[in-house]
Amino acid sequence: MSVKAKKHLGQHFLTDENIARKIVEGLSFEGYKNVMEVGPGMGVLTKYLLEKDQHIYLAEIDNESIEYLKNNYSKVTEKTFVGDFLKQDFQFTKGEQIAIIGNFPYNISSQILFQIVDHYELIPEMVGMFQKEVAERTAAVPRTKDYGILTVLIQAYYDTSYLFTVHENVFNPPPKVKSGVIRLTRNPKEGLSGNEVLFKQIVKAGFNQRRKKLSNALKILNIPEVLKTHEFMDKRAEELSVADFISFTQLWKNNL
């Protein structure tokens, strides 16, 4: 018995054991007792995770996959499953750290990444496979076309590494795009505490009109008078580093 891939869930099952092992080996398994796999499917990563000492949780919403995993892996029980990753409040961890891993459904890639950022205080590390373009955006640098909202909001909380590319032919069914595996390692930048909402507003407004200078792009936010002549106002969002956005947000907050 196998699980039929469901298009509406964005399922593409990885069939290459070496790649599965490499993805799992991307996690350090240090400093935390819990690991959550998102979208385990038929357990190609799960089997390697279950060899570890960590407590493994599975975020899965496909009932067919849940039954398959319970029937094929003796360590997987009803209590292993925690439901929809995007609806997690992580209460079950009781404040303990939990790493995230998965071959993520491409249709909710950004939502998964933002969910991780929203709970960064609990999530020290993530290794996962995304559509290659999304993976490249998370690891992008300023002054490139891939550098944008997603890049800045993630790199404000995590160091990002692009680990390797995965080709279409190792999936069933094959996706129409290449995939990329990335690692996020928590490294909160100083100065964001208490300023997260304003930080996100500035980043999103800046990149929503990325061809305009910030003096125009940020008008929607009512720029404080003293910042209207700041050197960043003559630049476009893609020219600012993550650290620039953080320090600019601090200045903005101090002058409200």
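Biologist: Is E60 buried or exposed?

Modeller: Buried means under 20% relative accessible area, exposed over 50%, partly exposed in between (1.4 Å probe, protein chains only). E60 has a relative accessible area of 8%, so it counts as buried. This is a predicted model: local features need pLDDT of at least 70, side-chain atom pairs count only at pLDDT 80 or more, and totals for chains, interfaces and linings use all residues. Residues are numbered from 1 along each chain as its sequence is written, and side-chain values use heavy atoms, without hydrogens or water.

Biologist: Where is E60 found?

Modeller: Helices (H or I, at least four residues) and strands (E, at least two) are DSSP runs, numbered from the N terminus. E60 sits in the loop between β3 (55–59) and α3 (63–72).

Biologist: What does the side chain of E60 reach?

Modeller: The backbone nitrogen of D62, at 3.0 Å. That is a polar contact: N or O atoms within 3.5 Å, one able to donate a hydrogen and the other to accept it within protein, with sequence neighbours counted only if both atoms are side-chain atoms.

Biologist: Which residues does G39 touch?

Modeller: Contact means heavy atoms within 4.5 Å. Leaving out residues up to four places away in sequence, G39 touches A59, E60 and N103. G39 lies in the loop between β2 (34–38) and α2 (46–49). Its relative accessibility is 27%, so G39 is partly exposed.

Biologist: Where does UniProt place the feature "binding site"?

Modeller: Such annotations may be inferred rather than shown by experiment; positions use the numbering here and feature names are shortened. The unreviewed UniProt entry lists H12, L14, G39, E60, D84 and N103.

Biologist: How many residues apart in sequence are N172 and L14?

Modeller: 158, yet their C-alpha atoms are 6.5 Å apart in space. N172 belongs to strand β7 (residues 171–172). At 48% relative accessibility, N172 is partly exposed.
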